[in-house]
Amino acid sequence: MFAVVGNKTKGKIIVRTMNVGMCNQLFTYAYARYLAEKNQMELWLDYSHITKADMKHNAGFDDALGNFSLEYTGIITKEEEYLQLTGEKGEKFEKILAPKWVRRRARGRYYEWLEKTKGKKLRKKGIHFNLIVDNESVKNEDIAEKENILFGYWQIPQFARKIKDILRNEIVGKYQLSEQLNAWKTVFEKDNAVCVHIRRGDYVGDQMHEVCTDSYYEKAMELYRNKMENPIFYVFSDDKNYVRELYRNTEDVVVVENIENDYEELILMSSFSSYIISNSSFSWWAQFLGDAKNVIAPNRWYGDENKKSLLYEEHWEKI
């Protein structure tokens, strides 16, 4: 356990980090950072519970938030440190999260049931859930408890917006970009540069999200061609072979390659002022950090058309 910032003494916010990817962790950090700033509390990031068995992402601190210049009090890497910091509340929370009668693969449904049935009651005791990502019920911003444990997604942009200047100053790389990446950044900052994010990977065949179609990207590019002089589309994707083949004969499209780290890719994507995004938290953070005014987005975030997302901004153009 080590301290980075320790001048806030009115209580503690402990983020019991979920085993999710970098940008989903950023949503939780944004909510926790907002609460810590508003209530003048310490902010602790707990990575002691991440296991490969729980979820497929397994993004520990070094792979996720550790590459940014975030402000927090400390990082927890061992379970005994977590229990020392949270005391009886931490022990009780662990029993709530993993009762013996719930199988590991059924935990997701169990957590959602727990939030629906006991979320408000637990919140009053300093245990905060947000596992239903389209849940707008988080309205109470004041905290009465001294120790508060957060567990969930918090894909609710209202909190990020309230501290947007803080986040844009903190979600920057700790380390200097290479000469090559800095050269890319200069190109991306030009007025006619458009960031295109094509998210595939585990979205392929996933009924919850579904991949944005090629025709979506074609329509979005055509919209920019009609309203912008000589746009150049810079494509970022987790499936380079696919996008290389898709755009091999398209003169105004450049596939961006040779970026080794996710955090560097996010920083570079946030250099643009115009975007064609996918239904991805990575896309969302890129346009948010870039303070983008021109954003084209898919009109559905999830495969299930009845499942709504809170991530849409008013100025986005949806197609």
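Q: Is Lys125 buried, exposed or partly exposed?
A: Buried means under 20% relative accessible area, exposed over 50%, and partly exposed in between (1.4 Å probe, protein chains only). The relative accessibility of Lys125 is 39%, so Lys125 counts as partly exposed.

Q: On what kind of model do these values rest?
A: Side-chain values use heavy atoms, without hydrogens and water, and residues are numbered from 1 along each chain as its sequence is written. Local features need pLDDT of at least 70, side-chain atom pairs count only at pLDDT 80 or more, and totals for chains, interfaces and linings use all residues, since the model is predicted.

Q: Where does Lys125 lie?
A: Helices (H or I, at least four residues) and strands (E, at least two) are DSSP runs, numbered from the N terminus. Lys125 is in the loop between helix 3 (107–124) and strand 5 (127–130).

Q: In what order do the six strands of the open sheet lie?
A: Two strands pair if DSSP finds at least two bridges between them. Strand 9 (253–255) and strand 12 (317–318) each pair on one side only and form the edges. Strand 7 and strand 8 pair in the parallel sense over six bridges, and three bridges join strand 8 to strand 9. The pairing is parallel, and the order is 9-8-7-10-11-12.

Q: Which residue of strand 10 is the bridge partner of Cys195?
A: Strand 7 (residues 193–198) and strand 10 (residues 274–276) run parallel and are joined by two bridges. The bridge partner of Cys195 in strand 10 is Tyr275.

Q: Why is helix 9 largely enclosed by the rest of the structure?
A: Helix 9 covers residues 262–269. Among its buried residues are Tyr263, Leu266 and Met269. Helix 9 is largely enclosed because the number of its eight residues that are buried is seven.

Q: How far apart in sequence are the parts that Arg161 and Glu313 tie together?
A: Arg161 and Glu313 form a salt bridge (a side-chain nitrogen of Lys or Arg within 4 Å of a carboxyl oxygen of Asp or Glu), with the closest N and O atoms 3.0 Å apart. Arg161 lies in helix 4 (residues 158–162) and Glu313 in the loop between strand 11 (294–297) and strand 12, so the parts are apart in sequence by 152 residues.
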